[in-house]
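Hi,

Here's the structure I promised to pass on. Have a look at it first, and then read on for what turned up inside.

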Amino acid sequence: MAEILTPRDAPVEATLPTQITWQRALKRALRSGTELCRHLQIPQQHACTEAEADFPVFAPLEYIRRMETGNPRDPLLLQVLAQAEESDPQPNSFTDPVGDSAAQRLPGLLQKYDRRALLITTGACAVHCRYCFRRHYPYSAAPLGQVGWQPALDAITHDETLDEVILSGGDPLTLADSSLAWLVAQINEIKHIRRLRIHTRLPVVIPQRVSPPLIQWLGASRIPVYIVLHFNHAAEIDASLEMPLRQLRQSGATLLNQAVMLRGVNDSFVAQRELCLALLDQQVLPYYLHQLDPVQGAMHFGVEDELAIEIVTQLAHHLPGYAVPKLVREVAGEPSKRRLV
């Protein structure tokens with residue numbers, strides 16, 4: 001389960017100040033469905049406290065302000081508000097749907113595919129997505145910090161078959177910039193590593209995370225950096241994202257997006273088209289569109305393959321090829337993502 005960063009009784013401010021650090025934004029995030037419904041003027045019966053027992057609600061105000069007040073079906077709200085369906089029986093669902101445990105080389109170091117290794121840097125996230133495929137991951141067993149990461153770095157250093165490192169979690173950008181700068185510098189010292197990939201949703205939900213220290217260590221990287229963002233809906237992309245995304249590009253990073261097809265959120269041609277176009281406007285390349293990983297507690301988000309394929313086929317008819325994400329499913333044990341189109 002993703003880690004909550006601050007005490008549940010931390011005070012919540014009702015309005016957004018003009019300037020606030022990303023650390024402060026994390027501290028003032030809403031931590032229950034009841035708070036979330038009250039903030040958006042939605043009837044309390046839409047909150048399900050039982051479903052929050054093993055995976056609490058956690059949503060920053062910067063993200064919540066993009067939601068429609070009074071709308072319990074808002075596509076951004078549905079991604080973060082615990083639903084009663086999460087507690088329903090869900091056959092063919094798993095706590096480890098993509099085979100993370102089988103892919104573990106060392107604690108916190110995973111390798112599923114040739115030439116790439118993934119480092120679990122933290123269990124903390126800036127938002128709790130209800131469909132998260134790692135909502136049951138044993139983060140408490142993952143090593144943290146410079147001492148904890150060193151065995152994984154040593155393993156990567158001694159394995160010359162690897163040429164790419166992926167920082168994941170949780171969300172690596174919840175870490176302090178000093179820790180990330182050290183980690184990226186260590187990876188840069190490994191001569192056979194040619195690419196660094198960072199998977200993050202933090203700039204999406206808290207745009208001010210793109211700060212001068214972050215840009216500094218990104219720009220100092222010897223090896224190319226690919227930042228894989230996670231936008232699921234065009235409503236997530238507003239004016240607050242324009243400058244942060246521009247700064248990430250100007251640091252030299254290549255920006256990609258991976259989305260998840262979610263029932264009731266983005267399972268239509270119009271929603272996917274508008275997302276792809278909004279991404280292109282920000283010079284973020286649509287990369288993957290994932291079919292839902294069969295994680296326990298999230299199966300109500302599932303979309304039939306036939307509908308997903310139809311939507312992506314329509315996208316190919318209406319958008320340039322570089323604007324159409326690859327529709328994929330991750331299957332534990334397979335040597336690559338499975339292409340569905």
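Y287 and Y288 are both buried. They also pair up with each other: the ring centres are 4.1 Å apart and the planes sit at 25 degrees, under the 30 degrees cut-off, so this pair counts as stacked. Keep in mind that you're looking at a predicted model.

In total there are 4 aromatic pairs. Another of them is Y137 with Y139, where the centres are 4.8 Å apart and the planes are at 50 degrees, so that one is tilted. Y137 is buried because its relative accessible area is 10%, and buried means under 20%. Y139 comes out at 9%, so it is buried too.

Now the cores. The largest nonpolar core has 96 residues, and the members that touch the most others are L36, L167, I187, L196 and F231. Take I187: beyond its neighbours within four places in sequence, it is in contact with L153, V165, L167, I193, L196, R222 and I223. A separate core of 8 residues lies apart from that one, and its members include Y137 and Y139, along with A103 and A142. On the general side, nonpolar side chains tend to be buried together in soluble globular proteins.

Then the cavities. I count 2 of 30 Å³ or more. The largest holds about 40 Å³ of space, and Y287 and Y288 turn up again in its lining, together with N257, A259, Q272, L275, C276, L279, P286, L289 and P325. Strand 7, helix 10 (269-281) and strand 8 each give at least two residues to that lining. By class, it has 9 nonpolar and 2 polar residues, with no charged ones.

The second largest cavity has about 30 Å³ of space. Its lining is made of L173, I198, L214, W217, L218, I227 and L248, which split into 7 nonpolar, no polar and no charged. Helix 8 (residues 212-219) contributes the most here, with 3 residues.

Last, the largest pocket, with a volume of about 880 Å³. Which residues lie nearest its centre? Those are F133, R134, S168, H199 and Q258, out of 41 lining residues. Two or more lining residues come from each of strand 3 (116-120), strand 4 (164-168), strand 5 (195-199), strand 7 (254-260) and strand 8 (285-290).

Cheers

Terms used: Residues are numbered from 1 along each chain as its sequence is written. This is a predicted model: local features need pLDDT of at least 70, side-chain atom pairs count only at pLDDT 80 or more; totals for chains, interfaces and linings use all residues. Side-chain values use heavy atoms; hydrogens and water are left out. A nonpolar core is a set of buried Ala, Val, Leu, Ile, Met, Phe, Trp, Tyr and Cys residues joined through side-chain atoms within 4.5 Å. Buried means under 20% relative accessible area, exposed over 50%, partly exposed in between (1.4 Å probe, protein chains only). Contact means heavy atoms within 4.5 Å. On a 1 Å grid over the protein atoms alone, a cavity is a set of points where a 1.4 Å probe fits but cannot get out, and a pocket is an open set with protein on both sides within 12 Å along at least five of seven lines; lining residues have an atom within 4 Å of a point. Grid points are joined across faces, edges and corners, and a volume is the space filled by probe spheres set on the points. Helices (H or I, at least four residues) and strands (E, at least two) are DSSP runs, numbered from the N terminus. Rings of Phe, Tyr and Trp (its six-membered ring) pair if their centres lie within 6.5 Å; planes under 30 degrees apart count as stacked, over 60 as edge-to-face and the rest as tilted. Ala, Val, Leu, Ile, Met, Phe, Trp, Tyr, Cys and Pro count as nonpolar, Asp, Glu, Lys and Arg as charged, and the others, Gly among them, as polar.
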